[in-house]
Amino acid sequence: MSTVRIELDDLSGPEIAAFLQEHVDQMRAISPPESKHALDLDALRRPEITFWTVRDGGSLVGCGALKRLDAGHGELKSMRTDPARKRSGIASLLLEHIITEATHRGFSRLSLETGAAEFFRPARRLYEKFGFVRCEPFADYRPDPNSTFMTKVLRVPGPGQQPGEGRGVSR
């Protein structure tokens, strides 16, 4: 039986480069150029971004990133699951990890931009399941009929409390 692990990734390997290029290519095919917000490798290497990969055994099955917007606000970026592993729990596992990490970092809010097209409906449902609600554009985003903006208020843990305590977050 294989083990699913979430690992920090420095974005230097050819496997993650190809995985992300597939993501960027897919977003370009679905979204008009002015509505494509997927980041390439260079943009993901910025110091305000932390990037993780999800591996099942030795296979790359997902990725996601957390971007620091300011001291209290983070943005979820580059969430992707291998198409062969969709609806297998990989995205939920990674999203829970990123929410926990954002809470550990003291963010009081985590936001994201995803597509408004039918293709993105499963992603929007996942985010809603984790408590994200629609919001106005944030950071440098502008209103866009091809985008859906979502946010989640995070509770920063009090002294002696672990992230997730009292919030119904499963472990």
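Q: Where is serine 92 found, and is the residue buried or exposed?
A: This is a predicted model, and in it serine 92 sits in helix α3. Burial is read from relative accessible area, and under 20% counts as buried. Serine 92 has a relative accessible area of 18%, so it is buried.

Q: Which residues does serine 92 touch, leaving out those up to four places away in sequence?
A: Serine 92 touches Leu126, Lys129 and Phe130. One of these, leucine 126, belongs to helix α4.

Q: What does the contact list look like from the side of leucine 126?
A: Again not counting residues up to four places away in sequence, leucine 126 touches Met79, Ala91, Ser92 and Leu95. Leucine 126 counts as buried because its relative accessibility is 14%, against a cut-off of 20%. A C-alpha distance can be read as well: leucine 126 and arginine 87 are 39 residues apart along the chain, and their C-alpha atoms are separated by 9.9 Å.

Q: How many helices and strands does the chain have, and in what order do the elements run?
A: The chain has 4 helices and 7 strands. Read from the N terminus, the order is β-α-α-β-β-β-α-β-α-β-β.

Q: What share of the contacts joins residues 24 or more positions apart?
A: Take the contacts in the chain with a separation of 6 or more; 63% of them are between residues 24 or more positions apart.

Q: What share of the chain is buried, and how is its accessible surface made up?
A: Of the 171 residues in the chain, 43% are buried. The accessible surface is about 9200 Å², and carbon and sulfur atoms account for 51% of that surface.

Q: How much space lies in the largest pocket, and which residues are closest to its centre?
A: The largest pocket holds about 870 Å³ of space. It is lined by 35 residues, and those closest to its centre are Met79, Lys86, Pro122, Ala123 and Tyr127.

Q: Which elements give two or more residues to that lining?
A: They are α1 (14-30), β4 (73-81), α3 (90-104), β5 (109-115) and α4 (121-129). Strand β4 gives the largest share, 6 residues.

Q: How many aromatic pairs are there, and why is the pair of tyrosine 127 and phenylalanine 132 called edge-to-face?
A: The whole structure has 5 aromatic pairs. In the pair of tyrosine 127 and phenylalanine 132, the ring centres are 5.9 Å apart and the planes stand at 65 degrees, so the pair is edge-to-face. The cut-off behind that reading is an angle over 60 degrees. Both residues, tyrosine 127 and phenylalanine 132, are buried.

Q: Which residues do ring pairs link into a cluster?
A: The cluster consists of Phe138, Tyr141 and Phe149, linked by ring pairs.

Q: Which residue lies over the face of phenylalanine 19?
A: That residue is arginine 80, at 4.4 Å from the ring centre.

Q: Where is serine 78, and what is its phi?
A: Serine 78 is in strand β4, and its phi is near 55 degrees, again positive in a residue other than glycine. Serine 78 is also buried, with a relative accessible area of 9%.

Q: Where is threonine 148, and why does it count as buried?
A: Threonine 148 is in strand β7 (residues 147-153). Its relative accessibility is 3%, so threonine 148 counts as buried. Setting aside neighbours within four places in sequence, threonine 148 is in contact with Leu112, Glu113, Thr114, Gly115, Ala116, Arg124 and Arg134.

Q: Which element holds arginine 28, and which residues does it touch beyond those up to four places away in sequence?
A: Arginine 28 is in helix α1 and touches Gln21 and Lys36. Arginine 28 and alanine 38 are 10 residues apart along the chain, with 8.8 Å between their C-alpha atoms.

How values were computed:
Residues numbered from 1 in each chain as written. Predicted model: local features only at pLDDT ≥ 70, side-chain atom pairs only at ≥ 80, totals over all residues. Heavy atoms only, no water. Phe/Tyr/Trp six-rings, centres within 6.5 Å; stacked < 30°, edge-to-face > 60°. Buried < 20%, exposed > 50% of the residue type's maximum accessible area, 1.4 Å probe, protein only. Lys NZ or Arg CZ within 6 Å of the ring centre and 35° of its normal. Contact = heavy atoms within 4.5 Å. Areas by Shrake-Rupley, 256 points an atom, 1.4 Å probe, with all protein chains shown as cover. 1 Å grid on protein atoms, 1.4 Å probe; cavity = no way out; pocket = protein on both sides within 12 Å on 5 of 7 lines; lining within 4 Å. Points joined across faces, edges and corners; volume = space filled by probe spheres on them.
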